[in-house]
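Dear colleague,

With this message I hand over a structure for your attention.

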Amino acid sequence: MAISRDKKNALVAKLAESFASAKGSVGATYTGLSVADMQELRAAARANDVTITVAKNRLVRVALGESDKFKNADTSLLTGQLVYAFSSTDEVAPAQVLAKFAKKHPELKLVAGFDGTGASLDTATVTALAELPTKDQLRGQLVSVIAAPLTGFLGVANGAQRGFT
C-alpha cells in the first residue's frame with residue numbers, strides 16, 4: 001500500500017534530522033531477517049544509544065539532498081532493502097552494533113555509511129570502523145598505559161623491601 005505524500009514528507013524530514021544530528025550512520029541489507037530478528041537488532045541498538053530506521057532508499061536520497069552537509073555524498077551504494085542505524089553520541093556505534101548482530105545473523109550485511117561531516121563511507125571503511133574498539137575500551141587502554149609505569153615502580157619498590165627482611 002502506497003503512503004501519502006504528507007507521510008513521505010514527514011518521513012523525509014525525520015530522516016534529514018536523523019542524518020543531520022548523527023555523528024555516524026550506517027546502512028545494511030537485511031533481506032532474510034525475521035521480525036523477531038529485527039526486534040532483537042532494535043533492542044541491541046537501543047542499549048547502545050543507536051536508532052534503527054527502515055526507509056526507502058529514494059526517500060533517504062531526498063533527505064540527504066535536502067541537507068547542505070550531505071548534498072555531495074555518494075549514494076550509489078544505497079541499493080536494495082536497507083536498514084539504517086544512527087547515533088548522535090558515538091561515531092562508530094552504529095557500525096559496531098550492526099557488525100556484532102551480523103556475526104550471529106549472516107543475512108545482515110554492512111553496505112555503506114556516512115560520517116558526521118557528510119562524507120560517504122564505502123563497505124570496507126564501514127567494516128573497518130566496526131572493528132575499532134569502543135570508547136570504553138579505549139579509555140581502559142589509556143588508563144592501563146598511564147598506570148603501567150607506576151605499577152612497575154611499585155613492584156620494584158616492594159621487591160627491594162622483601163630483600164631486606
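This is a predicted model: local features need pLDDT of at least 70, side-chain atom pairs count only at pLDDT 80 or more; totals for chains, interfaces and linings use all residues.

Five strands make up an open sheet, in the order β2-β3-β1-β4-β5, and their pairing is antiparallel. At its edges are β2 (51-54) and β5 (120-121), each of which pairs on one side only. Strands of a sheet pair through backbone hydrogen bonds, either parallel or antiparallel. Within this sheet, strand β1 (residues 24-29) is joined to β3 by six bridges, and the two run antiparallel. To find one place where β3 meets its partner strand, you may look at Gly-27, whose bridge partner in β3 is Tyr-84.

The salt bridges

Side chains of opposite charge can pair when their charged atoms come close. How many salt bridges does the structure hold? There are two.

One of them is formed by Glu-40 and Lys-104, with the closest N and O atoms 3.7 Å apart. This pair links distant parts of the chain, since Glu-40 belongs to helix α2 (residues 35-47) and Lys-104 to helix α4, 64 residues apart. Glu-40 counts as partly exposed because its relative accessibility is 33%. Lys-104, at 57% relative accessibility, counts as exposed.

Arg-139 and Asp-136 also form a salt bridge, and here the closest N and O atoms are 3.2 Å apart. Both residues lie in helix α6, three residues apart, which is about one turn of the helix. Arg-139 has a relative accessible area of 52% and is therefore exposed. Asp-136 counts as exposed as well, with a relative accessibility of 59%.

Two buried residues

Where does Asp-90 lie? Its place is the loop between β3 (82-87) and α4 (93-104). The relative accessibility of Asp-90 is 13%, so this residue counts as buried. A polar atom of the Asp-90 side chain lies 3.4 Å from the backbone nitrogen of Val-92. Setting aside residues up to four places away in sequence, Asp-90 touches Lys-23, Gly-24 and Lys-135. Of these, Gly-24 falls within strand β1 (residues 24-29), while Lys-135 falls within helix α6 (residues 135-164).

Gln-96 is located in helix α4. Is Gln-96 buried or exposed? With a relative accessibility of 14%, Gln-96 counts as buried, because the cut-off for that class is under 20%. Apart from neighbours within four places in sequence, Gln-96 is in contact with Leu-129, Ala-130, Leu-132, Pro-133 and Thr-134. The C-alpha atoms of Gln-96 and Glu-131 are separated by 7.0 Å, although these two residues are 35 residues apart along the chain.

A nonpolar surface patch

Which residues form a nonpolar patch on the surface? The patch consists of Leu-150, Phe-153 and Leu-154, which together have about 330 Å² of accessible area. Phe-153 is placed in helix α6 (residues 135-164). Since its relative accessibility is 55%, Phe-153 counts as exposed.

To find your way in the model, you might begin with the open sheet of five strands, and then turn to the salt bridge between Glu-40 and Lys-104. Helix α6 may be viewed next, as the helix that holds Arg-139 and Asp-136 and also Phe-153.

With kind regards

Key. Residues are numbered from 1 along each chain as its sequence is written. Side-chain values use heavy atoms; hydrogens and water are left out. Helices (H or I, at least four residues) and strands (E, at least two) are DSSP runs, numbered from the N terminus. Buried means under 20% relative accessible area, exposed over 50%, partly exposed in between (1.4 Å probe, protein chains only). A polar contact is a pair of N or O atoms within 3.5 Å; within protein, one must be able to donate a hydrogen and the other to accept it, and residues adjacent in sequence count only if both atoms are side-chain atoms. Contact means heavy atoms within 4.5 Å. Patches are made of residues with over 30% relative accessible area and no salt bridge: like charges are joined within 9 Å, nonpolar side chains (Val, Leu, Ile, Met, Phe, Trp, Tyr) within 5 Å. Accessible areas come from the Shrake-Rupley method with a 1.4 Å probe; for residues, only the protein chains shown count as cover. A salt bridge is a side-chain nitrogen of Lys or Arg within 4 Å of a carboxyl oxygen of Asp or Glu. Two strands pair if DSSP finds at least two bridges between them.
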